[in-house]
Amino acid sequence: MERIILHCDLNNFFASVECRNHPEFAGKPVAVCGDAAQRHGIVLAKNEIAKRFGIKTGETIWQARGKCPELILAEPHYETYLSLSKQVQAIYSDYTDLVEPFGIDECWLDVSGSTLLFGSGKSMADSIRERVKKEIGLTVSAGVSFNKVFAKMGSDMKKPDGTTLISKEEFREKIWSLPANEMFGIGEKTYKALCKRRILTIGDIASCKPSTMEYFFGKNGLSMWENANGRDLSPVSPVSYRPPLKSISRSSTLCRDITGEEEILAAATLLAQDVGQRLREQRLSAKNICLGLRSSSLEWREYSLSLPSPVRGTAEILSHIKHIFRSRQTLQRDIRSVSVRVSDLTADHLPVQLDLFADTQKEIRQETLEQTVDDLRRKHGFSCLMPAVCLGRDFLNTQKPTRCAFSRS
C-alpha cells in the first residue's frame with residue numbers, strides 16, 4: 001500500500017493566535033515580540049500583513065519598527081499557544097493515530113490506513129483545514145505526499161491556508177527545479193557548500209552519483225540524494241511516542257552585560273540548579289556538560305567536558321562548570337547571555353561503575369538535600385529558594401523561568 005503522508009503547519013501560529021484573540025488587530029501589521037526590558041526584544045512571529053513590510057522572525061524590535069512604524073507589538077502567551085496546539089492535534093487524531101509533532105505548530109500525519117473512512121489524502125487535508133478554521137479559528141497549510149520530506153515541502157508552497165499535493169508521478173516536475181536550500185533538511189552552511197560544487201537545485205542533487213554526495217558530505221550527503229529522489233522512508237511516529245531525551249539545556253539573556261568570573265558563575269549557578277532539577281525529574285544522569293557564553297557583540301562560544309561517570313546532582317554539575325570556565329573560557333568581551341547544557345544522558349536504573357574512593361554517605365546526604373529543594377520548588381515556585389551567590393544580582397531575572405530546551409534529536 002502506498003503511503004499517504006500529510007504535513008500540517010499552523011500559519012504564523014503565535015501571531016495568528018494574538019490576532020484571533022484581539023479583533024482590534026484586524027487588518028493591521030502585528031508581530032509577537034519578546035520583552036525588550038529583559039533584552040529578549042526580537043520578533044518571534046508576524047502576521048501576513050507584517051510580512052509584506054519585509055519583517056522577519058529573529059530581527060530586533062527596532063529593525064522591525066524601522067520597516068513598519070505602525071507595527072503592533074503583541075506580548076507572547078505561551079500557555080495559550082500550547083493549549084491551542086493540543087486542541088489542533090486532537091483534530092488530527094480524529095483521522096489517524098500516527099501523528100508526529102514537529103514543534104508546537106507542525107505535525108506529520110500518516111493517513112495511509114484512513115482512506116476508506118475519509119477519502120483521499122487531499123480530501124483529508126482539506127477537511128482538516130476547514131475544521132481547524134471553524135473549530136479553533138486558525139488556518140493551516142497542508143502538504144500531501146508519499147513521504148515526510150515532500151509533505152513538509154508541500155505545506156510551504158501554498159501559504160496561508162492551502163493544500164499542495166506532491167505525487168510520485170509529479171514530484172520531479174514540482175520539486176527538482178527548486179533551489180537546493182528549499183529541500184527540507186538543508187541549511188545555510190550546507191547550501192553554500194553545495195553551491196561551491198555547482199549543485200544549485202534539488203534536481204542537481206538528484207542527478208549526482210550517491211557515492212559523490214557521500215564523498216563530499218558524508219552520511220548527510222547520501223541522505224540528501226535519497227530525499228531528492230523521493231526515497232525518504234522515515235516513519236511517522238504514533239501520537240503517544242516520545243523519543244529518548246538527548247540533552248537538556250537552560251539559557252538566559254541577562255538584564256545587562258556582565259564581566260568577570262564572579263558574575264558569570266552566578267548566572268551559571270542559577271541555570272545549573274534548573275538543569276539539575278530537570279535531570280532528577282526525568283530520572284537521568286549526564287556524562288557531558290557544556291557551558292555556553294554569548295558576548296555583547298553576539299559572538300558565541302561553547303566549552304564542554306566529558307566525564308568518566310554520569311552525574312545528576314546540581315553541586316556536581318556546578319563544580320564541573322566552574323572547572324570548564326576557569327580552564328577554557330577565552331571570550332574577552334562582556335557577556336550578554338549564558339547557557340548550561342547536559343548531554344550523553346543515561347537512565348538512572350542502568351548500572352554504572354562506582355568509584356571505590358567516593359564518599360558515598362556524603363553523596364547520599366547531598367542528593368537528599370537537592371531532592372528536598374526540588375520538592376519545595378515544585379510546590380512554591382523555582383524562586384522560593386535561591387543560591388546565596390545569586391541574591392542581589394541586578395543582571396539576573398529570578399522571578400521568571402529561563403528558556404528551557406529538551407532535545408530528542
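Q: Which side chain does aspartate 126 meet in a salt bridge?
A: Let's start with the term: a salt bridge is a side-chain nitrogen of Lys or Arg within 4 Å of a carboxyl oxygen of Asp or Glu. Here the N to O distance is 3.0 Å. The partner of aspartate 126 is arginine 129.

Some background: this is a predicted model, where local features need pLDDT of at least 70, side-chain atom pairs count only at pLDDT 80 or more, and totals for chains, interfaces and linings use all residues. Residues are numbered from 1 along each chain as its sequence is written, and side-chain values use heavy atoms, with hydrogens and water left out.

Q: Why are aspartate 126 and arginine 129 separated by about one helical turn?
A: Both sit in helix α6, residues 121–135. Helices here are DSSP runs (H or I, at least four residues), numbered from the N terminus.

Q: Is arginine 129 buried or exposed?
A: Buried means under 20% relative accessible area, exposed over 50%, and partly exposed in between (1.4 Å probe, protein chains only). Arginine 129 comes out at 11%, so it counts as buried.

Q: Which residue forms a salt bridge with lysine 67?
A: The closest N and O atoms of this pair are 2.9 Å apart.

Q: How many salt bridges does the count come to?
A: One of the pairs is arginine 378 with aspartate 375, at 2.5 Å, N to O. There's also a network linking Lys122, Asp126, Arg129, Glu130, Lys133 and Asp161. The count comes to 27.

Note on methods: Helices (H or I, at least four residues) and strands (E, at least two) are DSSP runs, numbered from the N terminus.
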